[in-house]
Amino acid sequence: MRNESRRPPRPRRRARSPWGAVAFATACALFWAPALNAQPAADSPGGESAEELERESRLPEEREARLDALFDRLAAAEDGPHERVEQEILRVWAQSGSATADLLLQRGRDALGQEDAVRAIAHAGAALDHFPDFAEAWNLRATAFFTLGRYGQALADIEQVLAREPRHFGALSGLGIILEQVGREQDALAAYREAARWNPHMQRVNDAVDRLAPKVDGRDA
């Protein structure tokens, strides 16, 4: 009997965008919009504490009031100060009220930042299993699907994002990107305009509106 040594298993290759670095950068800039300075919540492997559950129960009202005020400030902000307001909105969106879901979101973002979309999808799905109303987890998974070219699944997840947060300018701009990619320019323009309505400071979205408006509006005239 031969004593054959087994080869070590090959490391898994990261899933990468079929369009390369440019498409991945576009997804991050327009679609993903992570709160880079947000601090991830601590894990709670033994279940959430009574204090956290109490915080979660009162979070929606406080969260909505905070977002309303921030969007008012974003609309009125000048070009310089708007970045701080935008980052605060992103931080609020990253807070589900569940420490476990927040941690899974951060892990998914880290994976996507490493261009590992498959792992990002797994983390986002785990967050949604734990907290299905977490719009930012839906957005993360939509972005990961987009980077893999899985447009149908990305669109389905964007629908879930916007059902929970209609002002999500990242998801709206991502919707515009996908619709433009598949040739639905009129619908893409509507999505870009809606994104710009909530956040008028996204230059690439404004450029997309300027690019599509003459064609679409002229076609409808």
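Rings of Phe, Tyr and Trp (its six-membered ring) count as a pair if their centres lie within 6.5 Å, and the pair is called stacked when the planes are under 30 degrees apart, edge-to-face when they are over 60, and tilted for the rest. By this rule, a search of the whole structure finds six aromatic pairs.

Before you select anything, note that this is a predicted model, in which local features need pLDDT of at least 70 and side-chain atom pairs count only at pLDDT 80 or more, while totals for chains, interfaces and linings use all residues. Residues are numbered from 1 along each chain as its sequence is written, and side-chain values use heavy atoms, with hydrogens and water left out.

**Aromatic rings**

Select phenylalanine 71 and tryptophan 198, which form an edge-to-face aromatic pair with 5.8 Å centre to centre and 80° between the planes. This pair links distant parts of the chain, since phenylalanine 71 is in helix α2 (residues 50–76) and tryptophan 198 is in helix α9 (residues 185–198), 127 residues apart; helices here are DSSP runs (H or I, at least four residues), numbered from the N terminus. Phenylalanine 71 counts as buried at 6% relative accessibility, whereas tryptophan 198, with a relative accessible area of 22%, is partly exposed; buried means under 20% relative accessible area, exposed over 50%, and partly exposed in between (1.4 Å probe, protein chains only).

**Salt bridges**

Select aspartate 133 and arginine 164, which form a salt bridge whose closest N and O atoms are 3.1 Å apart. Aspartate 133 lies in the loop between α5 (117–130) and α6 (135–147), and arginine 164 lies in helix α7 (residues 151–164), so the pair ties together parts that are 31 residues apart in sequence. Aspartate 133 is exposed, at 53% relative accessible area, while arginine 164 is partly exposed, at 29%.

Move on to aspartate 157 and arginine 141, whose side chains meet in a salt bridge of 2.7 Å, N to O; both of these residues are buried.

Finish with glutamate 165 and arginine 167, where the side chains meet in a salt bridge of 3.0 Å, N to O.

Terms used:
Helices (H or I, at least four residues) and strands (E, at least two) are DSSP runs, numbered from the N terminus. A salt bridge is a side-chain nitrogen of Lys or Arg within 4 Å of a carboxyl oxygen of Asp or Glu.
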